[in-house]
Amino acid sequence: MDHPDLNLLITLDVLLDEGSVARAARRLRLSPSAMSRALARLRDTTGDPLLVRAGRGLVPTPRALELRGRVHGLVQEVEAVLRPAAQPDLARLTRTFTLRASDGFVENFGARLLARTAHEAPGVRLRFVQKTDKDSAPLREGNVDLETGVVGDAASPELRTRALFQDRFVGVVRKGHPLAAGKITLARYAKARHIQISRRNRDSGPVDAALATAGRERSIATSASGFSAALALARGSDLIATVPERHTGSLRSGMHTFALPFAMPPFTVSMLWHPRMDADAAHRWLRSCLLDAVQQDTAG
């Protein structure tokens, strides 16, 4: 079956509105002959003359009068579909977004993000899920709407990214720890007992690699899968937790933080999303909320 030319709907809408081939041609920026040919195609397609001559002008047939309102509504609806999405009505927006992030990120920035979204869009619900790996499949498959983390080699090149902030590793001990007094030297740091932090249960990480470059190694007393657990252990013992500074800002309250006595490059934390969400107006709003939440931390 042949499909009708939907462009004819626009032509018909203008013809019925103007009631004149010449005026319709000017409005659509066509020549009078091209508009006459379009009218002929419309007559052939609908099986009705649509506009017939009466004196020096054209008048619509009963069929044209019947179609006029429906055609105009259809054209307006098609134009709305093809128009870029408007800013959502946040006060009426009802939607659940799933965010995948490390515990440290949620503990430090999650409450601020929730306060912002609840104030602007009370019908929006945020669902935080733990980030246990760097697999891009949840974003690609639509199980996760937005993710935070360091963009590594394992990240899919199709993903969209936006840098949120730069972070660095720092050492953290309890108040009253021997390292809380005096200068932290490389020898004092390496001699102390440490907490190894690894989601994948590895025996070494970037801290150990940086120490090896400096010709040192540390003594690992225990391991933890996240920053929060590591800081809880350090708070109640003489162990050192080496954690990202901004990721753990609120978690280190009441503890002693010091700069590492060896070189470690800073790293950038970004948000990641799938391209299909790039133009989604509500998703764009969520991304702006997250960016503002971490920038507020910078300002504070």
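## Second largest pocket

The second largest pocket has a volume of about 250 Å³. A pocket here is an open set of points on a 1 Å grid over the protein atoms alone, with protein on both sides within 12 Å along at least five of seven lines. Volume is the space filled by probe spheres set on the points, which are joined across faces, edges and corners. This is a predicted model: local features need pLDDT of at least 70, side-chain atom pairs count only at pLDDT 80 or more, and totals for chains, interfaces and linings use all residues. Residues are numbered from 1 along each chain as its sequence is written, and side-chain values use heavy atoms, with hydrogens and water left out.

Fourteen residues line this second largest pocket. Leu9, Leu12, Thr45, Thr46 and Val71 lie nearest its centre. Lining residues have an atom within 4 Å of a point. α4 gives the most, with five residues. Helices (H or I, at least four residues) and strands (E, at least two) are DSSP runs, numbered from the N terminus. By class, the lining has nine nonpolar, two polar and three charged residues. Ala, Val, Leu, Ile, Met, Phe, Trp, Tyr, Cys and Pro count as nonpolar, Asp, Glu, Lys and Arg as charged, and the others, Gly among them, as polar.

## Annotated span

An unreviewed UniProt entry annotates residues 4-61 as "domain: HTH lysR-type". Such annotations may be inferred rather than shown by experiment. The span is 60% helix and 14% strand. Its end C-alpha atoms lie 21 Å apart.

## Largest pocket

The largest pocket holds about 1100 Å³ of space. Its lining has 37 residues, with Phe169, Ile197, Arg199, Pro206 and Phe227 nearest the centre. Elements giving two or more residues include α5 (103-120), β8 (193-197), α8 (206-213) and β12 (267-273).

Domain 2 (90-167 + 268-296) and domain 3 (169-265) each contribute at least three lining residues. These bounds come from an automatic or database domain assignment. The lining divides into 15 nonpolar, 15 polar and seven charged residues.

## Cavities

The whole structure has two cavities of 30 Å³ or more. A cavity is a set of points where a 1.4 Å probe fits but cannot get out. The second largest cavity holds about 50 Å³. Leu99, Ala101, Phe105, Phe109, Gly110, Leu113, Phe128 and Leu290 line this cavity. β3 (95-101) and α5 each give two or more of these residues. α5 has the largest share, four residues. Seven lining residues are nonpolar, one is polar and none is charged.
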